[in-house]
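Here are a few exercises to work through with the model open beside you. Try each task before reading its solution.

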Amino acid sequence: MFNNFNAALLWLKNNNIRKKAAVAAAHDLDALTSVVVARREGILESVLVGDGDKIKSLLGELQEKAVDWEIIDEKNDAQAASITAGLVAGKKVDMPMKGLLPTGTFLKAMLDKKFGLLAEHALISQATIFHYAQENRLMVVSDCAINVTPDYGKKLKIIQNCVGLCRKLGIEHPKVAVIAPLEQINPEIQATTDAAMLTLANMRGQIKGCDVDGPLGFDNAVSLAAAQHKGIKSQVAGYADILIMPDLTAGNILDKSLRYMAGYKTAGVVAGARVPLIMTSRSDSAENKLNSIIMSVLQSL
């Protein structure tokens with residue numbers, strides 16, 4: 001099991017694992033910094049799709065020679081995303097990476113049926129992996145960027161995506177906390193009824209390979225002391241590996257709070273497609289983008 005992002009990077013290097021990505025709208029200093037470092041670490045080669053002049057200038061700032069990189073000049077964001085998806089579909093690269101373009105533009109190209117990157121009936125979901133510093137371990141929170149108001153059926157698939165991701169992290173039987181504002185079931189709060197149904201589905205074997213419990217408040221999911229203080233008896237409370245958020249709004253706020261207020265190191269990935277999608281916020285630091293590359297290379301194995 002990997003306790004942090006550096007441990008995962010070291011494992012990839014020790015096993016000589018190297019993948020190739022195409023970066024859509026690569027004319028961004030933080031995105032380029034992350035792929036340059038990943039190349040120097042020996043885990044990723046990249047095709048850079050975007051404003052060629054800006055890319056070359058930024059590479060110079062990073063002490064890189066533009067002639068050493070494959071650059072495709074395309075200033076239009078939508079076209080850059082489409083070219084990137086085509087490179088993945090044509091098996092010229094292993095995975096796409098989002099650069100300086102809106103998430104919607106990036107995903108529209110990745111989900112275009114002509115590229116075949118999404119299996120029939122599959123659901124893609126975003127997951128933020130973060131280093132929980134207090135316990136020195138990695139945790140997963142989902143969905144923070146794609147599924148706006150997931151219902152029971154979508155949350156079930158999001159759980160399955162996260163469980164698969166956790167196995168890549170070495171967590172063989174993850175504990176899943178379905179988050180809601182309170183621990184009691186309240187028909188007026190859909191998040192609590194969804195959580196209860198997911199918990200029962202897990203008990204009856206409909207959701208396999210993990211332990212699911214909910215509804216749980218965020219405090220009870222991550223703090224054993226909080227759970228004990230409230231008298232909550234659960235295999236998941238205080239030990240959660242995965243936090244399933246009630247909707248995108250809650251997930252997105254938590255995602256940004258982890259970075260900007262708690263100062264946690266994070267990575268943003270997308271699960272459920274035929275290949276990993278390296279997808280981070282445009283405002284993410286180069287370090288967090290590098291962490292996303294590390295996790296996506298691991299995810300691809």
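**Exercise 1.** In which loop is lysine 91 found? Work out its backbone and exposure too.

*Solution.* Quick ground rules: this is a predicted model, where local features need pLDDT of at least 70, side-chain atom pairs count only at pLDDT 80 or more, and totals for chains, interfaces and linings use all residues. Residues are numbered from 1 along each chain as its sequence is written, and side-chain values use heavy atoms, with hydrogens and water left out.

Step 1: lysine 91 sits in the loop between α4 (77-89) and β4 (95-98); helices (H or I, at least four residues) and strands (E, at least two) are DSSP runs, numbered from the N terminus.
Step 2: its phi is positive, about 60 degrees, although lysine 91 is not a glycine. Most residues other than glycine have a negative phi.
Step 3: lysine 91 has a relative accessible area of 73%, so it is exposed (over 50%; buried is under 20%, partly exposed in between, with a 1.4 Å probe and protein chains only).

**Exercise 2.** Which residue does a cis peptide bond join to serine 142? Then describe the surroundings.

*Solution.* Step 1: the partner is aspartate 143, and omega is about 0 degrees. Most peptide bonds are trans.
Step 1: serine 142 belongs to strand β6 (residues 137-142), while aspartate 143 lies in the loop between β6 and α6.
Step 2: serine 142 is buried because its relative accessible area is 1%. Leaving aside residues up to four places away in sequence, its contacts (heavy atoms within 4.5 Å) include Ser125, Ile158, Cys162 and Met245.
Step 3: there's another cis bond to find, joining glycine 214 and proline 215 with omega about 5 degrees. Proline 215 is in strand β8 (residues 211-216).

**Exercise 3.** How are the rings of phenylalanine 130 and tyrosine 132 arranged?

*Solution.* Step 1: apply the pairing rule: rings of Phe, Tyr and Trp (its six-membered ring) pair if their centres lie within 6.5 Å, with planes under 30 degrees apart stacked, over 60 edge-to-face and the rest tilted. By this rule the count comes to four aromatic pairs.
Step 1: the centres of phenylalanine 130 and tyrosine 132 are 6.5 Å apart and the planes are at 65 degrees, so this pair is edge-to-face.
Step 2: both phenylalanine 130 and tyrosine 132 are buried, and Phe130, Tyr132 and Tyr264 make up one aromatic cluster.

**Exercise 4.** Which residues have the most contacts inside the largest nonpolar core?

*Solution.* Step 1: a nonpolar core is a set of buried Ala, Val, Leu, Ile, Met, Phe, Trp, Tyr and Cys residues joined through side-chain atoms within 4.5 Å. The largest has 56 residues, and Ile129 and Met295 have the most contacts inside it.
Step 1: helix α6 (residues 152-168) gives this core its largest share, seven residues.
Step 2: at least three residues come from each of domain 1 (5-118) and domain 2 (125-260), bounds that come from an automatic or database domain assignment.
Step 3: methionine 295 touches Phe5, Ile129 and Val269, among others, not counting residues up to four places away in sequence.
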